Amino acid sequence: MAQPATDQDRDARKPRAVPDGATADVAEEPATEAATGLDMVLVDAAAGPLRRLIPPAGTVLRFGAALARRPDALARRGGELARELGKVVIGRSEVAPGKKDKRFADPAWSGNPLLRRTMQAHLATARVAWELIEDAGLDWQDDERLRFTATNLVDALAPSNVPLLNPLALKAVIDTGGKNAVEGVRRLVHDLASPPRVPSMVEPDAFTVGEDLAVTPGAVVFRTDVFELIQYRPTTETVRSVPLVVVPPTINKYYITDLAPGRSIVEHYLSGGQQVFMIVWRNPDERHADWGLDTYGQAVLDALDAVERITGQEQASVQAFCSGGIITAMVLAHLAATGRQERIRSASFAVTVLDWERAGTMSALMDPEAVRAAIERSRKKGYLDGAQLAEVFAWLRPNDLIWNYWVNNYLQGKPPPNFDILFWNADTTRMSAALHRDFIEVALGNALTEPGRATMLGTPVDLSAVTVDSYVTAGVADHLCPWQACYRTTQLLGGESRFVLSTSGHIASLVNPPGNPRSTFQVAASTPPDPQEWLGSAETVKGSWWPDYVAWLGERSGEEIPAPEHLGGDGLEPLADAPGTYVFDK
């Protein structure tokens, strides 16, 4: 049974929940713990993102009943809205969008009397709607359900989305003689023709994998049905003896770690004298429906075995990203349980949640029947379609990832700008039905927080038994893996941890190369139980966290040895040049 929301809970949710522009400063607030978690994304992707846009009838009835019991609040909010709309009509309203609200950035929204009044009326109405949800005092479940619905409805109804009101669309009509409308309709029809049915964020031919993305030199030195293993060619005369094995997400393709030159994590590690190996997951289809957590856990062990054969080193460090981190943490617990933990020198977890207590909104937005139905849908198909995941991810940030491109692509008839991260995001992969089921079940039961509740390859998972040093990173504005949830990894693991809080959100916090003058990260000397206590003692460092990790890793990577002249070894010879073959699977 859901517990009533405390005042502290509601206060924590306000910055994330208020629609863009409802207050002057909301757009600058960071993400909070009440963000949409990976667990909910995996259920939504199977059930369809529109499911969460419509709250259950019971929630609507309880909301109405709560307001009926507080007629004074309803009257007060109605009066406030009427007075504000009166000010809007006579031109005396001071309602303004947030400083970072791009929807109303065009000067016409403030200079044109009609457009200014339309914008102010929308913002004032949105603010009152939000205040009514707060006044209702619903329990946490109903409160979250209404907030999700309100956020998406308010965003969709913004006047900036209306062709005849958006000044950018009107200017495009004049500039192109109406050709923008024809091109916009063509783009709309094309995007609706196949999943994901959202505006294209990048042109399909904007980049080519292996030519301008994923171009760091290397070779596939090991291959199984589940993955390929890339060994990258060293770029320094000497390298650290202990190799690094990178475990990418099982959602999307591996080359988020190897984007364009100058923006490649792998490239940076190589320049720091590391030996780098990369797991490249195969894109599963219905033939691989039974690939679950054990399958992927065994793949990580197989990769470690191959790296040991090639390098002759009995130890390796691992760095895992997002869902790859869940698998890796369970593998480390398996190694600890079987007395083989010494083969791991250090571990890094990037934007990875292992404790789902407040990482998402599964308990609020999911009922057991919805979860069962989602698992059954992927079971029947054999996999969770990557296009469905892409659609859900887009609706997590509708203003940035839906309506922004609605205006650009359809109202202005312009192609979206080329951006490597968005090209990677559009290069979707499937998730096997068994892995989809296993991830949801682990998250629902918060199974990694209690020893023995989850298993990996037949052994109970106890993360406290993992005593290797760990480096944990998170993004301050991450709505998928909130930083506070990522921070709790430092409390679950048994070894010494270094926690780094980067700028930006889920992906931008990772792709954060040195040289960006706006980049910073926060770090502290210790990791106390309370993330807010850690934040209070953390210092802000200018620049990227990449050099910090390379320095930390270097201290745990053994002595310097001559760089290998050839890739592969001990019977494992190059099978193909990087980026290999699995990355091209559609």
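Is Gly 91 buried, partly exposed or exposed?

1. Gly 91 is partly exposed, its relative accessible area being 37%. This residue of the predicted model sits in the loop that runs between H4 and helix H5, the latter covering residues 108-111. Although Gly 91 and Leu 114 are 23 residues apart along the chain, their C-alpha atoms are separated by 9.9 Å.

2. Helix H4, which spans residues 71-90, packs against helix H6, residues 113-136, at an angle of about 170°, and the two axes lie 10 Å apart. Because angles over 145 degrees count as roughly antiparallel, H4 is described as roughly antiparallel to H6. On the side of H4 the residues that take part include Ala 73, Leu 74, Leu 81, Leu 85 and Ile 90, while those of H6 include Arg 117, Gln 120, Ala 124, Val 128 and Leu 132. Sorted by class, this contact of H4 with H6 holds eleven nonpolar, two polar and eight charged residues.

3. Glu 84, a residue of helix H4, deserves a separate look. With a relative accessible area of 14%, Glu 84 is buried, since the limit for that class is under 20%. Its side chain makes a polar contact, at 2.6 Å, with the side chain of Ser 93.

4. Phe 393, Ala 394, Trp 395 and Leu 396 supply the H15 side of the contact, and Pro 398, Leu 401, Ile 402 and Trp 403 supply the H16 side. By class, the contact of H15 with H16 has eight nonpolar residues, with no polar and no charged ones.

5. Some backbone details call for attention when the model is inspected. Most residues other than glycine have a negative phi, and most peptide bonds are trans. Pro 195 and Pro 196 are joined by a cis peptide bond with omega at about -10°, and Pro 196 is found in the loop between helix H9 (179-192) and strand S1 (218-223). Another cis peptide bond leads from Ala 578 to Pro 579, where omega is near 10°; Pro 579 has its place in the segment after strand S17 (576-577).

6. Positive phi values in residues other than glycine are also present. Ala 214 has a phi near 55°, lies in the loop between H9 and S1 and, at 2% relative accessibility, counts as buried. Val 351, with a positive phi of about 40°, lies in the loop between strand S7 (344-350) and helix H13 (362-365), and Val 351 is buried as well, its relative accessible area being 1%.

7. The structure holds 20 aromatic pairs. In one of them, the ring centres of Tyr 487 and Trp 534 are 5.9 Å apart and the ring planes stand at 50°, so this pair is tilted. The pair links distant parts of the chain, with Tyr 487 in helix H19 (residues 483-487) and Trp 534 in helix H21 (residues 531-537), 47 residues apart. Tyr 487 is buried at a relative accessible area of 0%, and Trp 534 is likewise buried, with a value of 0%.

8. Tyr 549 and Trp 552 form an aromatic pair that is stacked, with 6.0 Å from centre to centre and 25° between the planes. Both belong to helix H22 (residues 546-554), and because they are three residues apart there, about one helical turn separates them. Tyr 549 is buried, with a relative accessible area of 0%, and Trp 552 counts as buried at 8% relative accessibility. Elsewhere, ring pairs link Phe 222, Phe 227, Trp 281, Trp 291 and Tyr 296 into a cluster.

Notes. Residues numbered from 1 in each chain as written. Predicted model: local features only at pLDDT ≥ 70, side-chain atom pairs only at ≥ 80, totals over all residues. Heavy atoms only, no water. Axes fitted to C-alpha atoms, helices over the stretch in contact; angles between N-to-C directions. Helix = DSSP H or I, 4+ residues; strand = E, 2+ residues; numbered from the N terminus. Parallel < 35°, antiparallel > 145°, perpendicular 65-115°, else oblique. Contact = heavy atoms within 4.5 Å. Nonpolar A, V, L, I, M, F, W, Y, C, P; charged D, E, K, R; others polar. Buried < 20%, exposed > 50% of the residue type's maximum accessible area, 1.4 Å probe, protein only. Polar contact = N/O pair within 3.5 Å; in protein donor to acceptor, adjacent residues only side chain to side chain. Phe/Tyr/Trp six-rings, centres within 6.5 Å; stacked < 30°, edge-to-face > 60°.
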